[in-house]
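Thanks for coming, everyone. I'll keep this short. Please have a look at the model first.

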Amino acid sequence: MSIMALRLPRSGVPQVLAFLAILAVNWMVSAQFFDIRFQDGRLFGSLIDVFNRGAPVALLAIGMVLVIATRGIDLSVGAVMAICGAIAATLADTQPLPVVIAAALGAGLLCGLWNGLLVAVLGIQPIIATLILMVAGRGIAQLITEGRIVTFTSPDLAWFGGGSVLGVPAPVAITFTVLVLTILLVRRTALGLMIEATGGNARASALAGVGTRVMTMAVYVWCGFCSALAGIVAAADILGADANNSGLWLELDAILAVVIGGTSLFGGRFSVVLAVLGALIIQAMNTGILLSGYPPEFNLVVKAVVVLVVLLMQSPRFSGLAILLSGARK
């Protein structure tokens with residue numbers, strides 16, 4: 001794939017500037033922020049941590065952006081992370097790695113298929129359909145782990161959290177691979193256009209011959225796959241699975257990342273690259289808050305303010321008011 005396939009759309013300039021501004025603020029808070037060192041075969045540093053720690057949310061955002069593009073939502077991605085992480089951690093020390101990965105990814109695909117069936121076939125509102133698995137999935141994960149934190153010692157599975165590829169942390173390499181694969185699927189085939197058409201006007205798209213039900217099911221299945229990968233990475237990072245906390249509230253971070261990336265909650269046009277950039281913006285804010293000495297709980301307030309600002313900017317009334325004010329000034 002050429003580098004041009006990963007180019008940012010013109011509309012992504014504000015997101016890039018915001019990301020660079022946050023990094024600059026982090027550097028002012030901590031003079032060592034941009035210091036990068038090579039140790040034990042991989043890169044380390046605060047900047048590397050932004051990409052490394054942001055990988056799970058970036059994976060969730062890659063799946064979530066396609067769901068939101070069809071005018072849907074998936075509140076279950078955090079619970080799916082917990083389920084798949086629990087499966088991987090439980091099997092890690094007793095089964096070969098291919099079996100462990102296949103079982104975890106298979107569970108994620110089934111969860112996505114379940115959500116897709118409820119939304120596309122049964123016609124249940126996406127927020128309600130995925131809320132079912134959001135609640136039940138956490139319980140399923142706790143049943144798998146029997147309500148305790150499951151640990152493992154398998155170095156093969158641990159690589160997904162602490163390994164590296166040519167010095168790049170494994171979570172970053174995995175996320176980049178999934179990003180490239182997703183771009184190939186949605187921008188090098190007609191799939192992306194059909195997803196946008198489904199989100200723009202599902203009825204008209206169906207009359208035009210687009211398989212809107214198939215498209216809707218496909219994006220939820222892909223979202224389940226991305227959530228499963230995020231669950232594996234999260235479990236590998238801590239060498240265990242905590243069903244109570246794994247992926248907790250990360251569905252909100254994934255939605256926020258997509259919205260920051262400029263994808264409208266009303267569906268239609270989307271950008272996978274900007275959704276990932278949105279996830280990195282969130283992680284850069286989290287890192288900056290921690291470096292500045294503020295308590296981690298302050299992150300929630302900052303995210304709430306960011307959500308409010310972005311939603312106001314997407315509001316038709318706010319846009320109309322801005323146009324009116326600009327016209328009045330002229």
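**A walk through the model**

Let's start with Ala24: at 32% relative accessibility, Ala24 is partly exposed. Keep in mind that this is a predicted model. Ala24 sits in helix H1, residues 13-29. Now pair Ala24 with Thr212. They are 188 residues apart along the chain, and 44 Å separates their C-alpha atoms.

On to the core. The largest nonpolar core counts 90 residues. Which residues have the most contacts inside it? Leu66 and Leu157. Helix H11, residues 212-238, gives the most to this core: 13 residues. Take Leu66. Beyond its neighbours within four places in sequence, Leu66 is in contact with Thr182, Val186, Ile195, Val219, Trp222, Phe270 and Val272.

Next, helix H8, residues 170-187. With 18 residues at 1.5 Å a residue, H8 should span 26 Å. The C-alpha atoms at its ends are 25 Å apart, so the two values agree. Buried residues of H8 include Val178, Leu179, Thr182, Ile183 and Val186. Thr182 and Val186 also came up as contacts of Leu66.

Last, two backbone points. Leu239 is not a glycine, yet its phi is positive, about 55 degrees. Leu239 lies in the loop between H11 and strand E6, 240-241. Leu239 is partly exposed, at 37% relative accessible area. Then Trp249, also a residue other than glycine, has a positive phi near 70 degrees. Its loop runs between E6 and helix H12, 250-260. Is Trp249 buried or exposed? Exposed: the cut-off is over 50%, and Trp249 has a relative accessible area of 53%.

Note on methods. Residues are numbered from 1 along each chain as its sequence is written. This is a predicted model: local features need pLDDT of at least 70, side-chain atom pairs count only at pLDDT 80 or more; totals for chains, interfaces and linings use all residues. Side-chain values use heavy atoms; hydrogens and water are left out. Helices (H or I, at least four residues) and strands (E, at least two) are DSSP runs, numbered from the N terminus. Buried means under 20% relative accessible area, exposed over 50%, partly exposed in between (1.4 Å probe, protein chains only). A nonpolar core is a set of buried Ala, Val, Leu, Ile, Met, Phe, Trp, Tyr and Cys residues joined through side-chain atoms within 4.5 Å. Contact means heavy atoms within 4.5 Å. The expected span of a helix is 1.5 Å times one less than its number of residues.
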